[in-house]
Amino acid sequence: MRILGIVCSPRKGGNTEILVRAALEAAREAGGETELILVADMNIAPCDGCGACLKNGTCKIKDDMQMIYEQLELAEGVVLGTPVYFMNVSAQAKAIMDRTYALLGGRKLRGKVAAAIVAARRVGAGEVLSLLYPYFMVHGMIVAGGGIGYGMEKGDVRQGVGGSPSLSALEEARAVGRNVVRMVGRLSKSRK
Ligand SMILES: Cc1cc2nc3c(=O)[nH]c(=O)nc-3n(C[C@H](O)[C@H](O)[C@H](O)COP(=O)(O)O)c2cc1C
């Protein structure tokens with residue numbers, strides 16, 4: 001069972017990365033194999049709306065998104081992590097989301113399990129989750145929920161609270177990883 005984590009923060013070693021790593025660690029403990037992509041140093045152009053992918057299912061922009069397409073296709077579960085930037089996802093997350101337009105026609109993500117991890121200082125995390133869930137659903141993905149971690153400076157989420165008042169940020173991220181593995185497992189049993 002392959003679980004892919006994508007960290008869409010431009011800040012390496014930041015709160016989103018800490019949370020996604022925690023989710024993937026819990027996913028491994030629950031029996032998954034994991035892969036981590038850090039977009040901070042990657043070159044991922046925004047979608048240029050050329051529409052070529054509607055005809056042939058591939059994106060003509062040859063940048064680091066091509067590797068992410070491959071990893072998305074291999075994964076059974078995906079944990080997409082983003083910081084909140086002005087009540088929205090990061091520009092890096094939005095570029096990746098838009099570029100997955102190329103996977104839509106062929107329904108390449110359909111049936112994969114998806115979850116979101118959101119790092120925020122104070123406001124907008126719930127709003128960002130509610131942007132990400134319909135994005136997953138448009139792709140026909142099965143939404144395994146999401147987690148929030150509060151923190152401002154790099155590393156703050158290690159002491160931060162989660163979106164659920166009873167959980168710390170790290171506990172909430174770990175629960176996301178476990179939920180993704182559990183859902184992939186249930187789906188693979190029901191498909192046999
Ligand atoms: C451009 C920018 C916009 C931000 N907008 C928000 C916001 O709307 N709400 C919020 O709670 N935090 C906001 N923040 C704070 C980050 O979400 C927060 O520091 C987060 O932990 C960063 O995650 P990272 O360490 O993975 O980059 C913003 C930060 C930046 C740099």
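Met87 sits in the loop between β3 and α4 (helices, H or I of at least four residues, and strands, E of at least two, are DSSP runs numbered from the N terminus). Its phi is near 65°, a positive value in a residue other than glycine. With 13 C-beta neighbours inside 10 Å, Met87 counts as partly exposed. The cut-offs go like this: 20 or more other C-beta atoms within 10 Å of a residue's own make it buried, 12 or fewer make it exposed, and partly exposed is in between, with C-beta atoms placed from the backbone.

Phe86 is found in that loop between β3 and α4 too, and its phi, near 45°, is also positive in a residue other than glycine. Phe86 is exposed, as 8 other C-beta atoms lie within 10 Å. Val89 is in the loop between β3 (77-83) and α4 (91-99) as well, but Val89 counts as buried because it has 25 C-beta neighbours inside 10 Å. Leaving out residues up to four places away in sequence, Val89 touches Cys8, Thr82, Lys94, Val128 and Leu131 (contact means C-beta atoms, placed from the backbone, within 7 Å).

## About the model

This is a predicted model, so to speak of local features takes pLDDT of at least 70 and side-chain atom pairs count only at pLDDT 80 or more, while totals for chains, interfaces and linings use all residues. Residues are numbered from 1 along each chain, as its sequence is written.

## The sheet

Five strands make an open sheet, ordered β2-β1-β3-β4-β5, with parallel pairing (two strands pair if DSSP finds at least two bridges between them). β2 (33-38) and β5 (142-150) stand at the edges with a single partner strand each, so one side of each has no neighbour in the sheet. On average, neighbouring strands are turned by 15° against each other, direction ignored (axes are lines fitted to C-alpha atoms, for helices over the stretch in contact, and angles run from 0 to 180 degrees between N-to-C directions).

Helix α6 (residues 125-138) packs on the sheet and touches β3, β4 and β5, its direction making about 160° with that of β4. Back among the strands, six bridges join β1 (residues 2-7) to β2, and Leu4 has Glu35 as its bridge partner in β2.

## Around the ligand

The ligand is surrounded by 19 residues, the closest being Ser9, Gly14, Thr16, Pro83 and Arg121 (near means a C-beta atom, placed from the backbone, within 6 Å). α1 (15-29) and β4 (113-120) are the elements that give two or more residues to this shell.

How values were computed: Two residues are in contact if their C-beta atoms, placed from the backbone, lie within 7 Å.
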